[in-house]
Amino acid sequence: MPEPKTANPRPAPGLAWAVETHGIRLVDHARGHGRFIAYPEAALWDLLTRRRSRETLTRQMAAVCGRELSETEQWIETLLDSWLDQGLLEKA
Amino acid sequence: MPVMDRWLLHAPLVEAEALVNGRVLELVRQGDQGILEELGLTQMNQAQALEPVLPEGPPQPGFLGLIPTRGCNMACSYCAFGAAGHQGRDMPLELAANAVEAYCRSFCRNQGDTLEVHFFGGEPMHAPRVVETAVHKARYLAAQEGLKPRFEMATNGIYGPAEARFLGDHLETVVLSFDGPGPIQNLHRPLPGGRPSFEAVARSASIFSESPATLCLRVCVSAASAGLLLDTTEFLCSQFQPGMMVFEALQATPESAAAGLEPPDPFVFAKACWRAMALARSFGVEPVYAAARVDQVQAAFCPVGRDCLIVSPSGRVSGCYLLARDWQQRGLDLDLGQVDENGFQLSREALERVRGLCGLPARCRGCLARWHCTGGCKVNQTYPGCPDEYNDFCRQTRLLTTLGLLETLECHGEIEKLLESDSAQERLAGHYGDELRPGWMDMEAYA
């Protein structure tokens, strides 16, 4: 059965993260290293991992970033692809 | 202030208090320099310069208030917001973001290094997407501007674990309304249809307790629950380890009367609250009765006197988070303007009008709690034309303030005697005009 077009990827196994003052701190237990996700990308990570739908993510991120919906949709798509490539996310 | 057979002197502006006999009181009246030096009162003629001041000039908001929705998922017996049946719209996401940005660009630089947002309702988490958007917008802007974001929310805790975890992760302080164990919580704060709320709020309290946020439990005390306040305090402290507990007496509303709930007797409340506060401290919990914080002097008790900007779901900006109908019934106009994508449009005239509401009636100007209580709520306690007689709020506040000052003086024996003497409590609570007007002080400045 094909996946819905807007199904969101999920965090890769072994990843932990915590909210910090100006971003999100990721810890990759599997690879033994961490990284910091700054804003506005940190907002996307936080809302994505709290299982917001793509539609909701787009509306919320458009408001956070002050962008148009279509521009935000493309920005989200690009960023999620990047995180997939980096192994931070896996496809649902 | 008469306390048993002695007099409590309180000069908060010079941080001096003493429990003295009638002879010493008379020497103070006469301006005896030796006594004044011994009591730390020699600076009283300069006290006016030490008064906390209200804001002047351009707006100086201490925080941005957001009301994501006036709706709510509970049917609390004493709710004066009418939130359970509210039909209005939630705040649009864009408006929430615009308000945060406007606040950041216009005011944060002048207020220090903090971007502070408080959430009110209804129940703020009845519009969770709005809350999330505002939080992330604020964090984004704070990162850009080198500010420290800070969030606080008054909430009912009736939502799922995921929502509670979001709050626990992102807020500095969660002020959770939690009136006690199951029977009290369910009596005071039921869900629609009279369904119990205890399990859900207890689950949220546990999540907050284990999160980075400071859990502040807000306990409303009725006549029915006042006698159980010690048990309530022990239960809440031991089960949830809050950082703070705030005790409030139920304020009578048509809703509470219809539900058969009555405010507690002010003396019963004050005594129960005092004992409960001591018990909370034994658990390492900071207890608060907001109108009797004798360790602080302030010019205003609530957002009205602090230039706070409270944004309603429509974009209306006011100085108060209560319903407009409540302040309008008192003949007050607490509206300040609007906010939209172009920023805040505030009326300077409105700002000065709201600031002007912080004057005090005579009953407050002569009260020893003046610089701690500051008249309480401007809509419910010290609105223009309010009665000049002490009400129950005044009586319990005066008693708790006195107990706090005696505690500061380490007069533990007097505290116990006072708590056991109904007549002494009534005498001090009803004492009108506490100000000492010795001939050596220029009292005109305090008119």
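Student: Why is Y321(B) called partly exposed?

Tutor: In this predicted model, Y321(B) has 25% relative accessibility and therefore counts as partly exposed, the class between buried (under 20% relative accessible area) and exposed (over 50%), with a 1.4 Å probe and protein chains only. Local features need pLDDT of at least 70, and side-chain atom pairs count only at pLDDT 80 or more.

Student: Why does F120(B) count as buried?

Tutor: Its relative accessibility is 12%, so F120(B) falls in the buried class.

Student: What makes the pair of F120(B) and Y321(B) stacked?

Tutor: Rings of Phe, Tyr and Trp (its six-membered ring) pair if their centres lie within 6.5 Å; planes under 30 degrees apart count as stacked, over 60 as edge-to-face and the rest as tilted. The centres of F120(B) and Y321(B) are 4.5 Å apart and the planes stand at 10°, so this pair is stacked. The two residues are 201 residues apart in chain B, F120(B) in the loop between β5 (114-119) and α4 (128-145), Y321(B) in the loop between β12 (316-318) and α11 (324-329).

Student: Why is the pair of F178(B) and F198(B) called tilted?

Tutor: With ring centres 5.8 Å apart and planes at 55°, F178(B) and F198(B) form a tilted pair.

How values were computed: Residues numbered from 1 in each chain as written. Chains lettered and ligands numbered in written order. Heavy atoms only, no water. Helix = DSSP H or I, 4+ residues; strand = E, 2+ residues; numbered from the N terminus.
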